[in-house]
Amino acid sequence: MTAHAQNLERFVGGEYQHGFVTDIEEDSIKPGLSEEVVRLISAKKNEPEFMLEWRLKAYRHWLTLEVPTWSMVHYSPIDYDAIVYYAAPKKSSANDSGNRPESLEDVDPIILQTYAKLGIPLHEQALLAGVKGATVAVDAVFDSVSVATTFKEELAKVGIIFCPFSEAVQKHPELIKKYLGTVVSYTDNFYAALNATVFSDGSFCYIPKGVRCPMELSTYFRINAANTGQFERTLIIADEGSYVSYLEGCTAPMRDEHQLHAAVVELITLDDAEIKYSTVQNWYPGDKEGKGGIYNFVTKRGSCRGARSKISWTQVETGSAITWKYPSVILKGDDSVGEFYSVALTNNYQQADTGTKMIHIGKNTSSTILSKGISAGHGANTYRGLVRMGKRAVNARNHSQCDSLLLGDKSSAHTFPYIEAKHASVKVEHEATTSKISDEQLLYCVQRGIPEEDAISMIITGFCKQVFRKLPMEFAVEAQALMEVSLEGCIG
Amino acid sequence: MKTKHILKIRSLFASIDGNDILRDLNLDVKQGEVHAIMGPNGSGKSTLAHVLIGNKDYIVTSGEIEYEGHDLLSLSAHERACKGIFMAFQYPIDIPGVSNMQFLKTAVNSLRKYRGLDELNAIDFIPHVKAKVKKIGGDEKLLHRAVNEGFSGGEKKRNEILQMLVLEPKLAILDETDSGLDIDALRVVAEGVNAYRSDTLKDQKGALIIITHYQRLLNYIKPDYVHIFMNGRIVQSAGPELAHELEAKGYKAWAA
């Protein structure tokens, strides 16, 4: 092995830093899925009848579905009867009626400590007193339930609803009824059906007409309990002329077994509204031999229903044993805009099959896709994207760029762009590149005095720069640090 | 006062991919001196440059190199850079997404860290770099472009000289920096090199090695010594007049 290769090896061998387990009593149900379990979850959340009906329909549909096998990811079949579909910290769900702690003071300190350890402060006081100009409102989801939501009152002043999904079901059933499942139907795919059946919480957000959300909103997902699946659901509605920037972060303890995370995210923008959704996904990726890690099978989709509306997905994917997701945009409103910016990193035995779908329906709709895949170790990275220009999508435009960077000689990268154009006026462009960090680049940097490991980090950051630029400031810093942790062994 | 050796090369043999390139090379370079190494394609000039910077593709099979009185061959490429050896590459490579400014700052601070100096912050660093950009007649916009990405041949060479001025090496090696340049670009590069010569070379008591095919660069940068390189070794050394003789007679006059 050359010295370069050794350095690369050390560099990419970083340890997962969020792998601890919080020792807390959890209220969980026995493994396995049945109508009884669905009813139990719905009862635990004290849900109205329409929700239970919807879940049962989803469950019956799910029973008819086969596990999809078309992706480039490989894993042994999941035993859906071995998964625990509901787990919640006991103290935060002391009564089964779905009530949550009213204020942060009531949240179990152990949970607050867990989030503090993860660098997610849930103390509004501390945040308000902080020097940073921008504040972030957080909805913290711990296993199956939301444990804390910050800045709710601040947001309520401008009419924004930001709360756990289960609370929205109780307090705003009309909005849930109107929008739930309208972007990602329970019939959409195997995992979406499973999610609709058993999802227990998540975040709900409604931005009223003309309101520009004064702070970043975020959801922080944490899987803690063993053998548990996390099935949360996020629903964000931006009413006419409104704007919101939303962040999502995720971590999980290091466990030898694989754990399933099958979330659904639905975004809806009405006329002239904009949603910017950013994800830094850092689920436990498994160990160096590929043992353990999260299966991240997520359905994320946005619907630009209104004219001139815009949905933008930015994702930095560094974790999970397997990532399988395609944040997409349905461009229904005329002149609407869809964007997808992605950095996906796979190391050791991680696999990622990710990309996007841009479905152009309205006139003059436009979309941009920028995907950066980095593969190290035995990592396998696949970009899969669909750009569909419908019959009425007059003058629709798309530009796609997919770049892959390979580290070492055991990693792989694949690109599968699908393009369908049904109107002669549309314009679709696709560019793809694959490159390696060359010995020449490293020699060049080293000759200028830059240590090789710093040079690798600098080259990778340079490769991802166009995407990092799209992240909100605080997140961009976190993302860059995360890339370094995921890639570095021993800098300095 | 006796001037000190920067570089002492004795009976150096080196190969690449199993082909012997340098064969019994000897060279002395002292403080403040400018040496021009001239020779035909394939004579081993660039090999010498790569051996000096520690490119591992080049294998030294025997011989010795002393740099400032210490063994050079036992040092890694990074250590050599940190100890002040710089090469302007013949084919500078692109680093997409990394701005020239970021690259230069990272390099300067890496060197400073190695030398036990405090890192420079942007406030101290930016004026230093901007002053150097002026010396190569460049536009400050150059600093915000990604390293060598989309640069013309001339811009790349000029960028190499900018790096040399910013990093202030003790031993600078220009590997065919003049090849592929038009007259104007050549003049700009030569001005940059002369700035290095007057600013840095004297203070740091450093030295400069210019590797070139042609005499034309030497019209702008007057060397102290000219060496003719054939088949992996120096076949003749003399003052600057040798370059003119070479231009008139061609390399064939020296081919054995």
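Which residue follows α1(B), and is its phi positive or negative? The residue is B:G54, and its phi is positive, near 90°. The legends below describe close-up views of a predicted model.

**View 1. Helix α1 of chain B and the residue that follows it.** Helix α1(B) spans residues 45–53 and is mostly covered, with nine of its nine residues buried. The buried residues are B:K45, B:S46, B:T47, B:L48, B:A49, B:H50, B:V51, B:L52 and B:I53. After the helix comes B:G54, with a positive phi near 90°.

**View 2. The open sheet of chain B with strand order β2-β1-β4-β5.** Four strands form this sheet, and their pairing is antiparallel. Its edges are β2 (19–30) and β5 (70–71) of chain B, each of which pairs on one side only. Strand β1(B), residues 5–16, runs antiparallel to strand β4(B), residues 58–67, and eight bridges join the two. Opposite B:F13 stands B:S62 of β4(B). Helix α1(B) packs on the sheet, where it touches β1, β2 and β4 of chain B. The direction of α1(B) makes about 70° with that of β2(B).

**View 3. The loop between β4 and β5 of chain B, with B:E68.** B:E68 is a residue other than glycine, yet its phi is positive, near 50°. Most residues other than glycine have a negative phi. B:E68 counts as partly exposed because it has 16 C-beta neighbours inside 10 Å.

**View 4. The packing of helices α3 and α5 of chain B.** Two packed helices are described by the angle between their axes and the distance between the axes. Here α3(B), residues 100–114, and α5(B), residues 153–167, pack at an angle of about 35°, and their axes are 10 Å apart. The crossing of α3(B) and α5(B) is right-handed. On the α3(B) side the contact is made by B:N100, B:L104, B:A107, B:V108 and B:L111, and on the α5(B) side by B:N159, B:Q163, B:V166 and B:L167. By class, the residues of this contact are six nonpolar, three polar and no charged.

**View 5. The contact between chain B and chain A.** In this contact, 20 residues of chain B meet 17 residues of chain A. On the side of chain B, the elements that give two or more residues are α2 (77–82), β7 (95–99), α3 and α5. Helix α3(B) gives the largest share of that side, five residues. The side of chain B that touches chain A holds 14 nonpolar, six polar and no charged residues.

**View 6. The largest nonpolar core and B:I173.** The largest nonpolar core has 182 residues, of which A:I236, A:A238, A:V244, A:I459, B:I173 and B:I210 touch the most other members. Helix α11(A), residues 452–468, gives the most to this core, with nine residues. Leaving aside residues up to four places away in sequence, B:I173 touches B:A49, B:L52, B:F86, B:M87, B:I209 and B:I211.

**View 7. Two partly exposed residues of chain A, A:L40 and A:N364.** A:L40 lies in helix α2(A), residues 35–44. A:L40 is partly exposed because 16 other C-beta atoms lie within 10 Å. A:L40 and A:I29 are eleven residues apart in sequence, and their C-alpha atoms are 8.8 Å apart in space. A:N364 lies in the loop between β18 (351–360) and β19 (366–375) of chain A. The phi of A:N364 is positive, near 55°, in a residue other than glycine. A:N364 is partly exposed, with 19 other C-beta atoms within 10 Å.

Note on methods
Residues numbered from 1 in each chain as written. Chains lettered and ligands numbered in written order. Predicted model: local features only at pLDDT ≥ 70, side-chain atom pairs only at ≥ 80, totals over all residues. Axes fitted to C-alpha atoms, helices over the stretch in contact; angles between N-to-C directions. Left-handed = near helix turned anticlockwise from the far one by under 90°. Contact = placed C-beta atoms within 7 Å. Nonpolar A, V, L, I, M, F, W, Y, C, P; charged D, E, K, R; others polar. Buried ≥ 20, exposed ≤ 12 C-beta atoms within 10 Å, placed from the backbone. Core = buried A, V, L, I, M, F, W, Y, C linked by C-beta atoms within 7 Å. Pairing = 2+ DSSP bridges.
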